[in-house]
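Q: I am new to this structure and would like to learn the words used to describe it. Please show it to me, and then let us take the terms one by one.

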Amino acid sequence: MDDELLNNELIDKFEDMLELNEHYYFDGEELNEIISYYLDIGDLPFAYKAIEYALQLHPESVAMRIKVLEYMIEVNMLHDAADLIEELKTIADSDIDFIVAQARFWSLKGMHKRAVKFYLRALDYDIENEYIHHCLGAEYLEIDNIGQALYHYKQALEMDLDDEMALYACVQCFDEIHRQKDCINFLLQYIDMRPYSESAWYQLGLQYLKLKQTEKALEAFEYAVCTHPKSINNHMKVAHCQEILKRYDDAVQTYLEVLEIDDSPGFTLMKIAECYVKKQENSKAISYLHLAIHEDPQLDKAWAKISEIYESIGNLEEAVHYLKRAVDLDSMDVKYHRRLAFLYIASGKYEEAEKCFSKIVKIEPNKFLNWLGYTELLIVLGEYENAINIAEKGLKRFEKAELYYQISCCEYLLNDNKKGLATFLRAKKLNPKILSEMYSKYPILKLKTNISLQEPEKK
């Protein structure tokens, strides 16, 4: 506490000096602390001012030159930093700040193994070792040495059991090497020492979920709720587990508890509705979805969910109405456009469906089924030339026989028998296995080519 007060007094004194445009005396240790403060909080302009003033008062100070180096590294002046490192090697080689600065320099240069060597040297000084262990963990992660990274994060955690960053980093390391059971044992051991750690209980729940041990996950998340009853995230995880276990009434009750602490309840109301959908209580689901869109009119997923319910009960007109609103809110969601296209097709509104497919291939051009479906629809609409054009665009991305069969069908329907036969033979050569399917889908192909599945190709 005394150190914090001293630090605040120093900073206030330095900033008062700048504001009054005066000159106060600070010894080297005080300036070192001032500069470190500004570097730590990322206030680089003030760090620069402090360094300038420090060099005026103590131009020969090695410690001040090391602070210059730290500043250069912070602002990515790596070329200048390299020159300064060479100058300082002969006079500051055993200074821990210089050693750590070199480690950070090599890390930024992408030379993580060299950075590790400097951080390991820094450990010998037994100063700020928790920070050094964090740095080593990060460097080992960069070179995919997860085991060593885990070791150093554990060391940092042992030095401060309340270091949640270290705890989370350890869990991430276990995840990287897919050792969920070991991670669970690690978390249980940690919980023995910190039984009220919300983060530990939450991470334990996530690990149990990965192993599909939902009952244990639920128990862990419930403990997380006990440690922090106002956490929306904890409650949501409890409800998620209850849904997996098909305890929909319990999940609804949990979501209702969330509503008491949720300032933006739209999503929670939608989750309640989803529970009622699973219970096949569509009227209650729709009621809660209407509440959701009342609270958050921009919640596109709620509009889409209402559409799905109406579609499931055969009310296509209402399904289209609500899905169009979802599309308006998120025009780049290809799933909405695709669903809307099929709703239009089911309603016999093929022209509207064609507009949807036009958007679909613009948003998601690298999916073959989009081009196939779009061409298919144009054939149904009798727009054969347009269908050929779309299929040819699809062929630039996908050399698929289905598109050639579609083009052949269109060419025959346009009475261009020569082109139709040539395209058909190309399609058949590319994929003869789907010939029967194509004959069934496009009868004109069999009629015009007069080729049965058993007959050899005529030359």
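A: Let us begin with handedness: a crossing of two helices is left-handed if the near helix is turned anticlockwise from the far one by less than a right angle, and right-handed if clockwise. By this rule the crossing of α11 and α12 is left-handed, and the crossing of α4 and α6 is left-handed too. Helix names come from DSSP runs (H or I, at least four residues), numbered from the N terminus. The model is a predicted one, in which local features need pLDDT of at least 70 and side-chain atom pairs count only at pLDDT 80 or more, while totals for chains, interfaces and linings use all residues. Residues are numbered from 1 along each chain as its sequence is written, and side-chain values use heavy atoms, leaving out hydrogens and water.

Q: What makes α11 roughly antiparallel to α12?
A: Helix α11 (residues 180-193) and helix α12 (residues 198-210) pack at about 155 degrees, and their axes lie 10 Å apart. Axes are lines fitted to C-alpha atoms over the stretch in contact, with angles from 0 to 180 degrees between N-to-C directions. Angles over 145 degrees count as roughly antiparallel, those under 35 as roughly parallel, 65 to 115 as roughly perpendicular and the rest as oblique. The angle is therefore one that makes α11 roughly antiparallel to α12.

Q: Which residues meet where α11 and α12 pack?
A: Contact means heavy atoms within 4.5 Å. On the α11 side the residues include Cys183, Ile184, Leu187 and Leu188, and among their partners in α12 are Trp201, Leu204 and Tyr208. The residues of this contact divide into ten nonpolar, three polar and one charged. Here Ala, Val, Leu, Ile, Met, Phe, Trp, Tyr, Cys and Pro count as nonpolar, Asp, Glu, Lys and Arg as charged, and the others, Gly among them, as polar.

Q: Why is α4 called roughly parallel to α6?
A: Helix α4 (residues 62-74) packs against helix α6 (residues 96-108) at an angle of about 20 degrees, with the axes 10 Å apart. That angle makes α4 roughly parallel to α6. The contact is made by Ile66, Leu69, Glu70, Ile73 and Glu74 of α4 with Asp97, Phe98, Ala101, Arg104, Phe105 and Leu108 of α6. Sorted by type, these are seven nonpolar, no polar and four charged residues.

Q: What is the largest nonpolar core, and how many residues does it have?
A: A nonpolar core is a set of buried Ala, Val, Leu, Ile, Met, Phe, Trp, Tyr and Cys residues joined through side-chain atoms within 4.5 Å. The largest one has 79 residues, and Phe14, Phe26, Ile34, Leu69 and Leu204 have the most contacts inside it. Its largest share, eight residues, comes from α6. A second, separate core of 72 residues includes Met236, Val258, Ile388 and Leu435.

Q: How do you know that Lys67 is buried?
A: Buried means under 20% relative accessible area, exposed over 50%, and partly exposed in between (1.4 Å probe, protein chains only). Lys67, found in helix α4, has a relative accessibility of 3%, so it counts as buried. Beyond neighbours within four places in sequence, Lys67 contacts Asn32, Ile35, Ser36 and Ile51.

Q: Why is Phe46 called partly exposed?
A: Phe46 sits in helix α3 (residues 44-57), and its relative accessibility of 24% is why it counts as partly exposed. Leaving aside neighbours within four places, Phe46 touches Phe14, Glu15, Leu18 and Tyr38. The C-alpha atoms of Phe46 and Phe14 are separated by 9.9 Å, although the two are 32 residues apart along the chain.

Q: Why does Tyr131 count as partly exposed?
A: Tyr131 belongs to helix α8, and at 38% relative accessibility Tyr131 counts as partly exposed. Neighbours within four places aside, Tyr131 is in contact with Val100 and Arg104.

Q: What makes Lys212 exposed?
A: Lys212 has a relative accessibility of 72%, so it counts as exposed. Its place is in the loop between α12 and α13 (214-227).

Q: What stands out about the phi of Glu128?
A: Most residues other than glycine have a negative phi. Phi of Glu128 is near 50 degrees, a positive value in a residue that is not glycine. Glu128 lies in the loop between α7 (112-123) and α8 (129-142), and at 57% relative accessibility Glu128 counts as exposed. Gln280 also has a positive phi, about 60 degrees, without being a glycine.

Definitions and conventions. Helices (H or I, at least four residues) and strands (E, at least two) are DSSP runs, numbered from the N terminus.
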